[in-house]
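Hi there,

Here is the structure I promised to pass on to you. Have a look at it first, and then read my notes below.

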Amino acid sequence: MRPAFSVLFLTTLIGSGQGLLIALVTAQFFFVIGAGKGGESGAFYAVGSALALVLLGLGLVASFFHLANPQRGWRAAARWRTSWLSREVILIPAVCGLTLLYAGVHWLDWRPVLVVFANGKALDLPMAVGFAAAAVSLLLFVCTGMIYACVKFIRQWASIWTVVNYLLMGLASGFALAAAYAGLMDSVLRDFLVADALALTLLGMATRLYQIRRNGHARLRSSLKTAIGTHHPQIRQITQGFMGQSFNTIEFTAPGGAETIRGLTVFFTLAGFAAPSLLLAVSLGGTGAMLLVVAALCQYGGLLAERWVFFAAGNHVQNLYYQAKA
Amino acid sequence: MTKVQLALVIDLNVCVGCHACVTSCKEWNTSGWAGPLADQNPYGADPTGVFFNRVQTYECGTYPNTETIHFPKSCLHCEEPPCVPVCPTGASYKREEDGIVLVDYDKCIGCKYCSWSCPYGAREFDPIQGVMKKCTLCVDRIYDKTLPEDRRKPACVLACPTSARIFGDINDPDSEAAKAIRDAGGFQLMPEWGTNPANHYLPRRKTTMTLHKDELVRADNPLKIEGELPRPKFNAPSIDDLSSW
């Protein structure tokens, strides 16, 4: 499949935005249950979630570049009953709204207690909004992953691992960003977030590499036999019917071919997972934010390459019909 | 199976790969009210363009024992179209009344997601209008009352010089299309995906005839002069039981 840069930026940007938001909510919860000493100021969460909002917003802007008729984009919410794309279109603004709300209540430091539990712990408004925002963010990860996982005509995409990887890579990049942010703010959360980011990055690397391995022996369910309904063991295409290009030969092929995919796979494994893991591990327990910022930026670049490979490696069934020109 | 399902039945045994259906389709559908089927760089080195119908050619076997198959391909108007539920706007839909799968060009946002969900590569994106396009089964002419009744057929069907394309309701057992599917072994493309395409293809058929040597030269051919017959023996059996002389 042709990797469209609008979609690459959309999925990676909203992925790290959602991840950052979930990281902040997790960090807040970490204090609420009393696992960490002290706490963070409302401004810390507010600025952090404002950063998440910027990422989500940029992703939304990128998504509009994918639409040929963006002025009708609002119609895309219509078919949420059947279309994962439609569900995503509904959930992106929902996540944006909840993120704004989360940033707002933290900024105003408005924390009325909603529920007091039997053990004396209390659920206040910022935490409740945070839970809602994190839950909707997780749902959005599922929707984004399912958009690709439900395309059964692309074997490389049509598995649960697509959803798992979208989730883990989004979380990893978001937590890495949150760790860098905590480092810059000299927050007590720094090590907690660095450790989380490290664990998620390693887990994400494992599942992504597993998916690549799995795709290595994925076989097409269709063949030229079923494509043209001729039961001959030896069929070849003489001509696809035209000598120029068409949508079918442009949209469903990636520039560069297998060489580029292999090269970029090595690149994203190093830049997106290995190098950030190393940088995160090195800065665990230390101070300073420089390494963490480098880790987060390096990882984002790597994950952008990963998304490119994800698209380029997808081989659509329709390509059976477009193999030869004459 | 009482619902009407209009479709094409394409006889691969008859198709000669002349592309008349391709050009007539392009001509009709680029001139319609829905706007042109855009071509980009049509006279340049690397032209692209939108077509609803393509004729491809395949070859089976190895030379000299080969067989050429000309294979027209357009939207198959699946009875379970995978391209319809994925559309986020509802622009891609299947008509209740006749089963034609259509795109509402006024609702399409051009996200191309439907084309990813078609295993046949039947949809082609129009970059000028920014909407997805596909075969409409000439919905703008098959119901046109201003046309004589026998002309109310898709342009490709009317253009086909060998009558390889049959148009009709495949759910009506008396239609020519349904009869062709039933009697000539009509099949669907890629049945493994459960899309249940409405368009069917008729297989190539081997037309052979076994001739024995004595059928080439008839021993008792009265019209063939093969020289004077030898005189029979005097006492050979004869009609009057007297003599064959």
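Let's begin where the two chains meet. In this predicted model, strand S3 of chain A (residues 235-239) is joined to S4(B) by four bridges, and the two strands run antiparallel.

The contact between the chains involves 46 residues of chain B and 44 residues of chain A. On the side of chain B that touches chain A, at least two residues each come from S4, S5, helix H2 (113-116) and strand S8 (124-126). S4(B) gives the largest share of that side, with seven residues. By type, the residues on this side of chain B are 26 nonpolar, twelve polar and eight charged.

Next, some backbone details in the loops of chain B. Between strand S4 (53-60) and strand S5 (67-74) there is a loop that holds B:Pro64. The peptide bond leading from B:Tyr63 to B:Pro64 is cis, with omega near 5°.

Two other residues have a positive phi although neither is a glycine: B:Asn41, at about 55°, and B:His77, at about 45°. B:Asn41 lies in the loop between strand S2 (39-40) and strand S3 (48-49) of chain B, while B:His77 is in the loop between S5 and strand S6 (92-94).

Which of them is buried and which is exposed? B:Asn41 is exposed, because it has 12 other C-beta atoms within 10 Å. B:His77 is buried, because 26 other C-beta atoms lie within 10 Å.

Enjoy exploring!

Best wishes

Key: Residues are numbered from 1 along each chain as its sequence is written. Chains are lettered from A and ligands numbered from 1 in the order in which they are written. This is a predicted model: local features need pLDDT of at least 70, side-chain atom pairs count only at pLDDT 80 or more; totals for chains, interfaces and linings use all residues. A residue is buried if 20 or more other C-beta atoms lie within 10 Å of its own, exposed if 12 or fewer, and partly exposed in between; C-beta atoms are placed from the backbone. Two residues are in contact if their C-beta atoms, placed from the backbone, lie within 7 Å. Ala, Val, Leu, Ile, Met, Phe, Trp, Tyr, Cys and Pro count as nonpolar, Asp, Glu, Lys and Arg as charged, and the others, Gly among them, as polar. Two strands pair if DSSP finds at least two bridges between them.
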